[in-house]
Amino acid sequence: MTPILEIENVSKRFTKKLDAAGKIAARLGANIREETVHAVDNVSMSIMPGEVLGLVGESGCGKSTLGRVVAGIHPPSAGQLHLDGTPINDLSAQDKRRANLDIQMIFQDPSSSLNPRMRVEDIISEAPRMHKMVSGASETSDFVDDLMRKVGLDPVMKRRYPHQFSGGQRQRIGIARALAVKPRFLVCDEAIAALDVSIQAQVINLFADLREDLGLTYLFISHDLSVVQHITDRVAIMYLGRIVEIAPTDDIFSTPRHPYTRALLDQVPRLDQRKQDFTPIRGEIPSPLDPPTGCHFHPRCPHATDLCRQNAPQLSTVLSGHMASCHHLETLGV
Ligand code: SF4
């Protein structure tokens, strides 16, 4: 089967240019230079149609940036994306427009991602009207009603403004807005993190129902491992811009191979353990302005050797469908 989306050697860097004062100071010999954040570093992976792939990592590891690159919000600095086996850059203008609609993003904060001055019916119908997917007042009204029902909202509320809804309802509006252009792929960026725990479960169930009804594929970005374990088919673990392990969800949670994945899982409290010794990952995630040489995890890894400090390990297959990037997978016995 052809992957719906293939990410091929994608990197994303952000460069902070020098302002006028900085340029003058640099010309006068001050040790000032442009700063480059290496947010995503040579990431490759594929997502199959109908799959839910979790993308997990600490804050600042680059997972949201990768999500935005996938959703077409940020162009990659290097590498490319393939949709249904074709590089998106090679598509005709018309197909590229459709590809942009095919991949939609659900944001973390429903309050700030909805225009407070627009009625819900206009928020939901804006993009389909612009792309001439609906026309006329009656068709648009039926279209909005249908979408609101699909995400569990009563259409009688469609003339209200976002502030008249609860947080969970606002996230449902955001989901309806994304679905309005008939996407095939949703990038959910911490889409439930801002919601109360009881509401989180409802929205997770909604994502599962929509996957079933509409055949959607998801890139589910989250720092919450218990949610990821519940909803995903496979999980990719990201550390400082790189994917360090990717495997079916059950394998990641039962037999994690990479020392970073093991450290992340060690921090999750488990009901089946009477006593939980929390072993926080030592140190802080290094700055993406100046990432460590070799394996990015080496300053925090208890198993680091000179090889780790000098050479970046590549992702390699440890079991069918299970890949990890570590020089010492075999000798560590992890
Ligand atoms: Fe640790 Fe070395 Fe493996 Fe990196 S390559 S995770 S530093 S053992």
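## Sheet, helices and charged pairs

Gly-54 stands across from Val-235 of β9. Keep in mind as you look around that this is a predicted model. Strand β3 (residues 52-56) and strand β9 (residues 234-239) run parallel and are joined by four bridges.

These two strands belong to an open sheet of eight, ordered β6-β7-β8-β3-β9-β10-β12-β11, with mixed pairing. At the edges stand β6 (103-106) and β11 (316-319); each has a single partner strand, so one side of each has no neighbour in the sheet. On average, and ignoring direction, neighbouring strands are turned by 25° against each other.

Helix α7 (residues 197-214) touches β3, β7 (185-189) and β8 (217-222), and its direction makes about 160° with that of β8. Helix α10 touches β3, β9 and β10 (242-248), its direction making about 105° with that of β9.

Now for the charged side chains. The structure holds 12 salt bridges, and the table lists some of them.

| Salt bridge | N to O distance |
|---|---|
| Glu-58 and Arg-300 | 3.1 Å |
| Glu-190 and Lys-63 | 3.9 Å |
| Arg-184 and Asp-102 | 3.1 Å |

What does the bridge between Glu-58 and Arg-300 tie together? Glu-58 sits in the loop between β3 and α2 (63-70) and Arg-300 in the loop between α10 and α11, so the pair connects parts that are 242 residues apart in sequence. Arg-300 is buried, with a relative accessible area of 4%.

Glu-190 counts as buried at 10% relative accessibility, and Lys-63 counts as buried at 6%.

Through shared partners, salt bridges join Asp-84, Arg-98, Asp-102 and Arg-184 into one network.

Aromatic rings complete the tour. Five aromatic pairs turn up in a search of the whole structure. One of them is Tyr-260 with Phe-297, edge-to-face at 5.2 Å centre to centre with 65° between the planes. Tyr-260 lies in helix α10 (residues 259-266) and Phe-297 in the loop between α10 and α11 (306-310), so the pair ties together parts 37 residues apart in sequence. Both Tyr-260 and Phe-297 are buried. Elsewhere, Phe-207, Tyr-218 and Phe-220 form one aromatic cluster.

Conventions. Residues numbered from 1 in each chain as written. Predicted model: local features only at pLDDT ≥ 70, side-chain atom pairs only at ≥ 80, totals over all residues. Heavy atoms only, no water. Phe/Tyr/Trp six-rings, centres within 6.5 Å; stacked < 30°, edge-to-face > 60°. Buried < 20%, exposed > 50% of the residue type's maximum accessible area, 1.4 Å probe, protein only. Pairing = 2+ DSSP bridges. Axes fitted to C-alpha atoms, helices over the stretch in contact; angles between N-to-C directions. Contact = heavy atoms within 4.5 Å. Salt bridge = Lys/Arg side-chain N within 4 Å of Asp/Glu carboxyl O.
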